[in-house]
Amino acid sequence: MLDREGFRPNVGIILLNQRNQVFWGKRIRSHSWQFPQGGIDRGETPEQAMYRELHEEVGLMPEHVSIVARTRDWLRYEVPDRFIRRDARGHYKGQKQIWYLLRLVAHDWNLNLRATSHPEFDAWRWHDYWVPLDVVVEFKRGVYEMALTELARYLPKNDHRNRYLRGGARHRHDEGADAHSTHTDNPRGLELPPGASFDPDPQRSTHAAQPQPK
């Protein structure tokens, strides 16, 4: 379903825990990290699509979250031709997105990357709100910056982590590490949800690959 300009309606999800860290997912079989997102089906409202994608991608139900805010208008990004199927070139231009800021009100063991038979992520972690954009596929970075900036006003004013990390200036690269860790690496002894991983150092990240857009 495309609009007149060739943009597909889509929703993006920024999920906060009680420490105002965000869910950060590693796209399956790649080294790129991103927020949950997905298309709006015909007849769906953005909010209905958000709840559907929330369950399909991270296994959460509406009762597990509360809506803090959403972006006022559509945020758009164009997809380079090399990522567009040949039969869609000339028609499909990119995505237009409504972004939601959600608060997790349940335990994070409710997260489940294998909620469907077509998972989007194979690892996840909690990360400071201002994520390093150089681990995001390049053509999405502008939208991420716009969404994070617009929704940051709804964070608690005393959150000292409320700062923007541009281009990885304040994070380390750990080449070849996919942020998978064993249970013994987990200082809190949490039981990991199905398909999930825990990274004790949320600033550690990997170089972005070039995934297919979703």
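**Close-up views of a predicted chain**

**View 1. The whole chain, end to end.** Starting at the N terminus, the elements come in the order β-β-β-β-α-β-β-β-β-α. That makes two helices and eight strands, where helices (H or I, at least four residues) and strands (E, at least two) are DSSP runs numbered from the N terminus. What you see is a predicted model, so local features need pLDDT of at least 70 and side-chain atom pairs count only at pLDDT 80 or more, while totals for chains, interfaces and linings use all residues. Residues are numbered from 1 along each chain as its sequence is written, and side-chain values use heavy atoms, with hydrogens and water left out. Count the contacts (heavy atoms within 4.5 Å) with a separation of 6 or more, and 75% of them join residues 24 or more positions apart. The accessible surface comes to about 10,600 Å², with 47% of it belonging to carbon and sulfur atoms; accessible areas come from the Shrake-Rupley method with a 1.4 Å probe, and for residues only the protein chains shown count as cover.

**View 2. Strand β7 and its partners.** Here we look at β7 (residues 94-104). This strand is largely enclosed by the rest of the structure, because 11 of its 11 residues are buried. Two strands pair if DSSP finds at least two bridges between them. β1 runs parallel to β7, with 10 bridges, and V11 has I98 in β7 as its bridge partner. Strand β5 (residues 65-70) pairs with β7 in the antiparallel sense over five bridges, and R70 stands opposite Y100. β6 is also antiparallel to β7, joined by four bridges.

**View 3. The two faces of strand β6.** In a regular strand, side chains alternate between the two faces of the sheet. In β6 (residues 75-78), L75 and Y77 make up the covered face, while R76 and E78 sit on the uncovered one. Look across to β7 and you'll find Q97 as the bridge partner of L75, and G94 opposite E78.

**View 4. Inside the largest nonpolar core.** A nonpolar core is a set of buried Ala, Val, Leu, Ile, Met, Phe, Trp, Tyr and Cys residues joined through side-chain atoms within 4.5 Å. The largest one has 31 residues, and I14, W24, F35, W99 and Y129 touch the most other members. Elements giving two or more residues to this core are β1 (7-16), β2 (21-27), β6, β7 and α2 (141-151). Helix α2 gives the most, with five residues. A second, separate core of 20 residues includes I13, I40, M50 and V58.

**View 5. F35 and its neighbours.** Is F35 buried or exposed? F35 is buried, with a relative accessible area of 0%. Leaving out residues up to four places away in sequence, F35 touches I13, I14, V22, F23, W24, W99, F121, V131, Y144 and L148.

View 6. A pair of aromatic rings is described by the distance of the centres and the angle of the planes. Rings of Phe, Tyr and Trp (its six-membered ring) pair if their centres lie within 6.5 Å; planes under 30 degrees apart count as stacked, over 60 as edge-to-face and the rest as tilted. By this rule there are 11 aromatic pairs. The rings of F35 and W99 have centres 6.0 Å apart and planes at 80°, so this pair is edge-to-face. F35 sits in the loop between β3 (33-34) and β4 (37-39) and W99 in strand β7, so the pair ties together parts 64 residues apart in sequence. W99 is buried too, with a relative accessible area of 0%. F35 and Y144 form a stacked pair, at 5.1 Å centre to centre with 15° between the planes. Y144 lies in helix α2, so this pair ties together parts that are 109 residues apart in sequence. Elsewhere, ring pairs link F23, F121, W124 and W126 into a cluster.

**View 7. A buried glutamate, E57.** E57 lies in helix α1 (residues 46-58). Why does E57 count as buried? Because its relative accessibility is 2%. The side chain of E57 reaches the backbone nitrogen of Q37 at 3.3 Å.

Technical notes. Buried means under 20% relative accessible area, exposed over 50%, partly exposed in between (1.4 Å probe, protein chains only). A polar contact is a pair of N or O atoms within 3.5 Å; within protein, one must be able to donate a hydrogen and the other to accept it, and residues adjacent in sequence count only if both atoms are side-chain atoms.
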